[in-house]
Amino acid sequence: MKKLILLFSFIIITACSSSSDDDSGKTNTTGDSFNPPAWLIGTWKDSGATTYNFTKDDIICTVSGSRLSFKDQATNLKDAKVTYSIKETKTDNTYVAEFKFSAGTTIFSFTKTADNKMTSDGYLSGTYTKQ
């Protein structure tokens, strides 16, 4: 039941995401996995109950104790033979990932504002501090 609620939440949130078409001066890759830049790797927390955990191949969101791994979401889509793509745009201080599939698009957009601070302007917007 908990997985169903997380999946339903994921679909609703993806339907509400937005994107930008300005990719000038950035490194772009398109594939089927997440590859966050080194500066993002680790755990980031906002002032409330939201946490991002970045690994070399995953973006994991935890909101009020409910955990959602986007690597697991991609694996579930692949296992169900649902077409999806992950387009990443990286600079020294930014990381944008567009996770597209049939039910919608989730946009992650992070900007490094200090060595231990970043902002999220996409999914789960806010200011985060590295833990």
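Which residue just after helix 2 takes a positive phi? That residue is Lys81, whose phi is about 60 degrees. The structure around it is a predicted model, in which local features need pLDDT of at least 70 and side-chain atom pairs count only at pLDDT 80 or more, while totals for chains, interfaces and linings use all residues. Residues are numbered from 1 along each chain as its sequence is written, and side-chain values use heavy atoms, with hydrogens and water left out.

The protein chain contains 2 helices and 10 strands, where helices (H or I, at least four residues) and strands (E, at least two) are DSSP runs numbered from the N terminus. Along the sequence these elements follow the pattern α-β-β-β-β-β-α-β-β-β-β-β. Of the 131 residues, 34% count as buried; buried means under 20% relative accessible area, exposed over 50%, and partly exposed in between, with a 1.4 Å probe and protein chains only. Among contacts (heavy atoms within 4.5 Å) with a separation of 6 or more, 50% involve residues 24 or more positions apart.

Helix 2 spans residues 70–79, and its buried residues are Phe70, Gln73, Ala74 and Leu77. They lie on the same side of helix 2 because they cover an arc of only 100 degrees around the axis, the arc being that of the directions from the helix axis to the C-beta atoms. On the other side of helix 2, Lys78 and Asp79 are exposed. At the start of the helix, a side-chain oxygen of Ser69 comes to within 3.4 Å of the backbone nitrogen of Lys71.

The next topic is the interior. In soluble globular proteins, nonpolar side chains tend to be buried together. A nonpolar core is a set of buried Ala, Val, Leu, Ile, Met, Phe, Trp, Tyr and Cys residues joined through side-chain atoms within 4.5 Å. The largest one here has 23 residues, of which Phe34, Tyr52, Phe108, Phe110 and Met118 touch the most other members. Two or more residues each come from strand 3 (50–55), strand 4 (58–63), helix 2, strand 6 (84–90), strand 7 (94–101) and strand 8 (104–114). Strand 7 gives the most to this core, with 4 residues. Not counting residues up to four places away in sequence, Phe34 touches residues including Phe70, Ile86, Phe99 and Phe108.

Within strand 10, Lys130 is the bridge partner of Trp44.

The loop between strand 1 (27–31) and strand 2 holds Trp39. Because its relative accessible area is 13%, Trp39 counts as buried. Not counting residues up to four places away in sequence, Trp39 touches residues including Trp44, Tyr95, Phe110, Met118 and Lys130. The side chain of Trp39 reaches the backbone oxygen of Asp92 at 3.5 Å. The C-alpha atoms of Trp39 and Asp115 are separated by 8.1 Å, although the two residues are 76 residues apart along the chain.

Ser66, in strand 5 (residues 66–69), counts as partly exposed because its relative accessibility is 28%. Ser66 and Thr50 are 16 residues apart in sequence and 9.5 Å apart in space, C-alpha to C-alpha.

Key. Polar contact = N/O pair within 3.5 Å; in protein donor to acceptor, adjacent residues only side chain to side chain. Pairing = 2+ DSSP bridges.
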